[in-house]
Amino acid sequence: MLLTQNAIQFINENLAIIAPLLIIQVVLMITALVSLIRAEATNGPKWMWVLIILFINTIGPIAYFIFGRSHES
Amino acid sequence: MQWMTIYKKECLESARNYKWVWVPLVFILFCIMDPLTTYYLPQILESTGGLPEGATFDMPTPPPANVFMMSISQMNTLGVLVIALITMGTIAGERKSGVAELILVKPVSYTNYVTAKWAAHISLVLLSIFVGLLASWYYVQLLFGDISFIYVLITTAFYGVYIIFVLSISLFMNTWTKVPGFVLFLTISILMILNIISSVFSHLLEWSPTKIPSYLPSLLRSGEVETDLWFASLFTIVTIVLLLFGAIQTLKRKEIV
């Protein structure tokens with residue numbers, strides 16, 4: 001409990017510094033998801049890429065953009 | 001005219017692949033990760049624990065120039081990897097899938113084809129690097145202290161020469177094989193071998209392209225461009241031209257079937 005309170009306080013104090021980092025990660029994730037939804041086909045099943053993009057931070061979207069997009073379309 | 005058409009086509013393709021969005025974002029992330037973790041290192045150590053009770057040790061705050069160089073060394077590893085990954089299929093993949101045939105069956109010169117692709121990738125990558133290092137500069141300025149913006153710009157410009165060199169190697173390798181994965185492997189191995197050779201024979205090979213990053217810290221601190229750095233950059237530019245020429249020649253001789 002004490003730890004979480006400290007964490008919340010810490011985040012409040014440093015929000016201005018950390019916010020850009022979070023925003024970039026979220027934008028990256030959303031771009032990857034939009035691209036995934038609009039893609040007709042991907043390398044491997046789509047639901048797998050959704051999970052990768054959502055749950056693997058930063059590396060997930062990058063991996064999708066590099067390896068996930070099929071080049072046939 | 002023709003050159004511009006291919007260049008525009010490449011840029012359009014990058015836009016369709018969302019490359020103009022994700023590559024700059026990823027480079028920003030790479031660049032700001034290190035200044036942030038360095039700044040929060042005491043808190044991170046404290047919260048992960050592992051230090052004995054009452055143990056204190058003072059972490060000296062690194063000078064701003066060092067922190068900025070951390071971003072550049074991050075670029076040297078992860079950034080170069082991303083660059084090699086996004087360029088690995090640019091010609092090799094098109095030759096494999098037959099798109100290159102479709103383009104080159106028309107009266108498109110090999111020179112235009114290769115250099116336009118090269119220029120399109122350079123626009124994307126240089127923009128990304130510039131944005132990333134700008135973000136790094138902002139954070140260093142905010143968290144660590146003053147660092148001259150002009151010096152940062154000069155450093156970025158020289159680093160850009162090195163990055164163009166990396167791109168040219170990848171493009172050159174693209175004409176040698178049709179397998180994108182193999183292009184990646186060749187690009188990274190060549191860079192690694194060059195790195196090792198120029199650090200082993202560092203006194204003999206002061207103009208090696210891979211030595212450019214090692215000249216940057218002093219440039220960032222003093223703003224003075226060393227003679228060796230000028231020659232290294234000049235030598236790198238010559239190498240880039242040779243690599244492009246080599247790529248065009250290989251592509252011609254392979255006479256795409």
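These are my notebook entries on chain B of a predicted model and its contact with chain A.

**Ground rules.** Local features need pLDDT of at least 70, and side-chain atom pairs count only at pLDDT 80 or more, while totals for chains, interfaces and linings use all residues. Residues are numbered from 1 along each chain as its sequence is written, and chains are lettered from A and ligands numbered from 1 in the order in which they are written.

**Entry 1: overall build.** I looked up the elements of chain B. I found eleven helices and zero strands. Helices here are DSSP runs of H or I with at least four residues, strands are runs of E with at least two, and both are numbered from the N terminus. I then looked up the extent of the C-alpha trace of chain B. It spans about 75 × 40 × 30 Å along its principal axes.

**Entry 2: burial and contacts.** Chain B has 257 residues, and 37% of them count as buried. Buried means that 20 or more other C-beta atoms, placed from the backbone, lie within 10 Å of the residue's own; 12 or fewer means exposed, and in between is partly exposed. Next I took contacts in chain B between residues at least 6 apart in sequence. Of these, 81% join residues at least 24 apart. Two residues are in contact if their C-beta atoms, placed from the backbone, lie within 7 Å.

**Entry 3: the side facing chain A.** On the chain B side, α2 (19–39) and α5 (92–97) each supply at least two residues. α2(B) gives the most, with eight residues. By class, this side of chain B has ten nonpolar, three polar and no charged residues. Nonpolar covers Ala, Val, Leu, Ile, Met, Phe, Trp, Tyr, Cys and Pro; charged covers Asp, Glu, Lys and Arg; the others, Gly among them, are polar.

**Entry 4: α8 against α9.** I looked up helix α8 (residues 149–174) and helix α9 (residues 180–200) of chain B. They pack at an angle of about 135°, with axes 9 Å apart. Axes are lines fitted to C-alpha atoms over the stretch in contact, and angles run from 0 to 180 degrees between N-to-C directions. Among the contact residues are V166(B) and I169(B) of α8(B), and L186(B) and I190(B) of α9(B). The residues of this contact divide into seven nonpolar, three polar and no charged.

**Entry 5: one annotated span.** The unreviewed UniProt entry annotates "transmembrane region" in chain B, including residues 150–172. Such annotations may be inferred rather than shown by experiment. Residues 150–172 of chain B are 100% helix, with end C-alpha atoms 33 Å apart.
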